[in-house]
Structure formats: C-alpha cells, structure tokens
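I opened my notebook to look up how some strands pair and what lines a pocket. Here is the structure I had on screen.

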Amino acid sequence: MTVTDKLLRVYRVDRQIDGLKSRLRAAERFLNEQTRLLKELDTRSDSLDTQLRQLKASMADAEGEAQALDQKVTELRERMSTAANNKEYQALLTEVNTFKDQKTAAENRAVSLLEQIESLTEERGGLDEQIAEKKKVAGVAKGERDAREDEIRARLQELESERSGLVGDVPNSVLGVYVELVERLGDEAMAPIEIQDRKRHEYTCGACMMSVPIEAMNALLGHGNLTTCVSCGAIMFLEETTRERMTATSKR
C-alpha cells in the first residue's frame, strides 16, 4: 500500500468524524444562539429593574417635596390669619404663592415619573414573558444538543480508535503536510484526479477543477508518491474506478 493510499484511509475516516461532529456543531450553534439571546434579555431585564428603582426613588423624593411644601403653605396660611398688617399679609401671600408653584412643579414631576414607571413596568412584564419563552427554547435546544451528543458518541469513539491505528502507518512528515492542508483547505485537503479526456491526457483536480499535468497521474499510477495539485495544493489521489480505467487503457 502506497503512502497516498495510507493517507487516504485517514482522510476518509476524518471525513466521517467531521460529518458526525458537524451534526453536533449545528445543535451547539443553535443552543449558543439561544443562550446569547437569553443573556441579552436578562441584561435588559436587569437594566429595567435598575431604571425602575431609580424612578421610584425620584418619585418618592418628588412626592416628599410636594408634601413638605404643602405643609409650609398650611403653616403660612395660619400665620396670614394673624398678620399684624397688610404689608405682612402680602409678604406671607407672596411666599405662599411661591411655595404653591414649587409644590405644583414637584407634583407634575411626580406624575411624569409615575408615567415612566408605568411604561417601564409594562415593558418589564412583556420582557418576563419573552424570557420565559426563550428559556423554554433554550431548554429544548440543550436537549437536542445532548441527544446529538449521545447519538454519535459510540460511533465517534469507534472512528477515533480506527484513526489512531491508521495514522501509525503514515510517516510523520506526510501526516504533518496533511494536517496543515486540513487546517487550510478543510474537506478539500485531498482530492481525486478526474479524467476529462484520456486520449489527450487531460486531467483535472476534483477540488479546484484546474488542469493536472500527466506527471501527477503517472506518479500516482506508478508508486503512489505524495502528489499535490499545482493550483490549490490539495493532495491528489486516484479513485479505484479511475485507477482501473487507466490501467485497463494502458494494457490495450
């Protein structure tokens, strides 16, 4: 068995492993997205709670100020009833009117704050419903992720065990090249040579579909030497049907 054939066995097992893990990754992405959205809702909820506390404190201050001003107005009116002369009466009246204006401003401020509180309270209630619903969705997503993990665990362990045995037959230098290509090209780290026109010696890379020189075909047919595509860098290999076709043609 050539070094390319040995590496191809590793590659095909890796594709099976990646296929199994891709199902799990999809479930994990969905779960992560739901978790992120839930966190955003919780953050918004905390922000609303903080705003509500601040508004309620401000409204309490405004109401307290209005009550204090009302008390001052009451006290001034009592003094007005015992004013010694008109000048004193008018002075007290001016002060009463000033406090009344300040009281009205405080009451208006309290009403405005109450409206804001009611609006945020309504929003907070709607947010609670969204959070409850999102928790349900996140719970379902977690269940699906866990189910996918359980579903592939046994087969994944079998494949990883098989891979451990296969990589032992591949030279470290070749395996290093393969690992680097997998990181760069993913599924297209290895690609078959495809025959376009046998008589004209026209072959293409199954990954990038660019032309492959006849020397690459001969290298694989001969000793199965490690051969890469001159265009994309993928490691070339021959499908069994292609090898049989080339061999049969050469015997004619």
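I started with the hairpin: β1 and β2 form it with 4 residues between them. In its turn I found His 201, which has a positive phi of about 55°. Helices (H or I, at least four residues) and strands (E, at least two) are DSSP runs, numbered from the N terminus.

A note on the model: it is predicted, so local features need pLDDT of at least 70 and side-chain atom pairs 80 or more, while totals for chains, interfaces and linings use all residues. Residues are numbered from 1 along each chain as its sequence is written, and side-chain values use heavy atoms, without hydrogens and water.

Next I asked which partners β1 (residues 190–197) has. Two strands pair if DSSP finds at least two bridges between them. With β2 (residues 202–205), β1 pairs in the antiparallel sense over 4 bridges; there, Ile 195 has Tyr 203 as its bridge partner. With β4 (residues 235–237), β1 pairs in the parallel sense over 3 bridges, and Met 190 stands opposite Ile 235.

Then I turned to the largest pocket. A pocket is an open set of points on a 1 Å grid over the protein atoms alone, where a 1.4 Å probe fits, with protein on both sides within 12 Å along at least five of seven lines; lining residues have an atom within 4 Å of a point. Its volume, the space filled by probe spheres set on the points, is about 160 Å³.

Who lines the largest pocket? Among them are Asp 14, Arg 163 and Tyr 178. Helix α1 (3–80) gives the most, with 5 residues, and α3 (172–185) supplies at least two.
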